[in-house]
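Biologist: Please take me through one part of this protein at close range. Then set that part in its wider surroundings.

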Amino acid sequence: MLYFSSLLQTTPTYKPAADRLFAALDLYGLKYTFINQTKDIWLRDFMPVKTKNGTYSSFRYEPSYLKAFPQLRTNYRRDVAPQFSFPVTCSTINLDGGNVVFSPSKAKALLSDRVFAENPSYAKAALVRELERLLEAQVILIPSLKSDMTGHADGMVRFVDENTVIGNRVPAKNGLEQRIRADLSEHGINTVDFPYYSSPKGSAAGCYLNFLETESHILLPVFGHPMDREAIREAGCLFPKAIVPVDIHEIAKEGGALNCISWEST
């Protein structure tokens with residue numbers, strides 16, 4: 001089951017993109033429903049993280065980039081948890097779900113080093129150990145993009161298989177992608193370039209790897225850009241799943257795409 005914020009249905013800014021998304025889900029018979037009482041549409045960040053053994057961990061959602069906007073922070077445990085019945089392990093670690101990128105088996109979890117800045121009271125080694133316990137996975141850290149407000153890993157890498165990820169194909173100006181490649185290579189993970197184009201600050205347009213993945217489909221964000229066709233073609237070569245392009249540009253300009261606005265559960 002896929003979940004989305006009910007705000008997608010009622011907010012005029014989001015509705016055109018949301019309607020295209022839900023039409024695609026209906027066309028392919030993918031089940032979805034809505035969560036109420038959310039303060040924004042970015043479910044991935046404040047909903048619990050599901051591990052390989054089916055347990056759920058809920059992390060503290062107090063990102064520094066929303067420090068001045070407390071009205072935009074959804075309190076999962078108070079406002080959303082009553083809508084569900086599964087048990088959740090609660091942690092005091094400050095972590096957005098968008099900064100957790102699991103491998104297909106969920107044995108590995110990629111996080112950006114932004115997690116250290118968000119948890120200054122933790123010693124780094126102790127924080128990683130606790131994250132590995134809660135996520136039931138090997139935690140692998142990659143450098144964050146400093147210019148990205150959120151610093152989330154799901155805007156930089158996504159797994160193709162256990163030992164391969166895709167990363168944004170960008171000009172090597174600051175060496176970030178080379179550092180990510182080097183860090184992942186040390187863990188036996190190969191990085192394949194994936195289409196990307198730069199968009200105005202604060203927009204996620206151009207970040208094609210922020211897709212929504214199900215067991216049988218890749219719902220790929222597209223933005224009405226000439227590079228869309230290239231992204232669709234390369235996704236079809238990389239993933240043995242049906243590729244479903246969804247024009248999400250109205251939502252993307254707000255800072256996220258399909259992985260950001262979705263959450264899944266069994």
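**A close look at one alanine**

Modeller: Alanine 18 sits in helix α2, which spans residues 15-27. Keep in mind that this is a predicted model.

Is alanine 18 buried or exposed? Its relative accessible area is 1%. Buried means under 20%, so alanine 18 counts as buried.

Which residues touch alanine 18, once neighbours within four places in sequence are set aside? The answer is Leu8 and Ile251. For a distance in space, take lysine 39. Alanine 18 and lysine 39 are 21 residues apart in sequence. Their C-alpha atoms are 17 Å apart.

Now turn to glutamate 254. This residue lies in the loop between α9 (249-252) and α10 (258-261). Ile251, a contact of alanine 18, falls within the range of α9. Glutamate 254 has a relative accessible area of 40%, so it is partly exposed. Again leave out neighbours within four places in sequence. Glutamate 254 then has contacts with Thr13, Tyr14, Trp42 and Gly202. Take glycine 202 from that list. Along the chain, glycine 202 and glutamate 254 are 52 residues apart.

Look at contacts between residues at least 6 apart in sequence: 73% of them join residues at least 24 apart. The protein chain has ten helices and 15 strands. Its radius of gyration is 17 Å, close to the 18 Å that the globule rule gives for 266 residues, so the chain is as compact as a globular protein of that length. Its C-alpha atoms fill a box of roughly 45 × 45 × 35 Å along the principal axes. Of the 266 residues, 52% count as buried. Alanine 18 is buried too.

The accessible surface of the chain comes to about 12200 Å². Carbon and sulfur atoms account for 52% of that area. The chain carries 29 positive and 29 negative charges.

Next, see how burial can pick out one side of a helix. Helix α8 covers residues 228-238. Which of its residues are buried? They are Asp228, Ala231, Glu234 and Ala235. These residues cover an arc of only 135° around the axis, which puts them on the same side of α8. An α-helix has 3.6 residues a turn, so residues three or four places apart point the same way.

What lies over the buried residues of α8? The cover includes β11 (190-194), β13 (217-222) and β14 (242-247). The face turned away from the buried side carries exposed residues: Arg229, Arg233 and Cys237.

Lysine 106 lies between β6 (101-102) and β7 (108-112). Its phi is positive, about 65°, although lysine 106 is not a glycine. Lysine 106 has 23% relative accessibility, so it counts as partly exposed. Glutamate 136 lies in the loop between α6 (124-135) and β8 (138-142). Its phi is near 55°, also a positive value in a residue other than glycine.

Back to the start, then. Alanine 18 is in helix α2, is buried, and touches Leu8 and Ile251.

Technical notes
Residues numbered from 1 in each chain as written. Predicted model: local features only at pLDDT ≥ 70, side-chain atom pairs only at ≥ 80, totals over all residues. Heavy atoms only, no water. Helix = DSSP H or I, 4+ residues; strand = E, 2+ residues; numbered from the N terminus. Rg over C-alpha atoms; globule rule 2.2 N^0.38 Å. Buried < 20%, exposed > 50% of the residue type's maximum accessible area, 1.4 Å probe, protein only. Contact = heavy atoms within 4.5 Å. Areas by Shrake-Rupley, 256 points an atom, 1.4 Å probe, with all protein chains shown as cover. Lys, Arg positive; Asp, Glu negative; His and termini not counted. Charge placed at Lys NZ, Arg CZ, Asp CG, Glu CD. Arc of directions from axis to C-beta.
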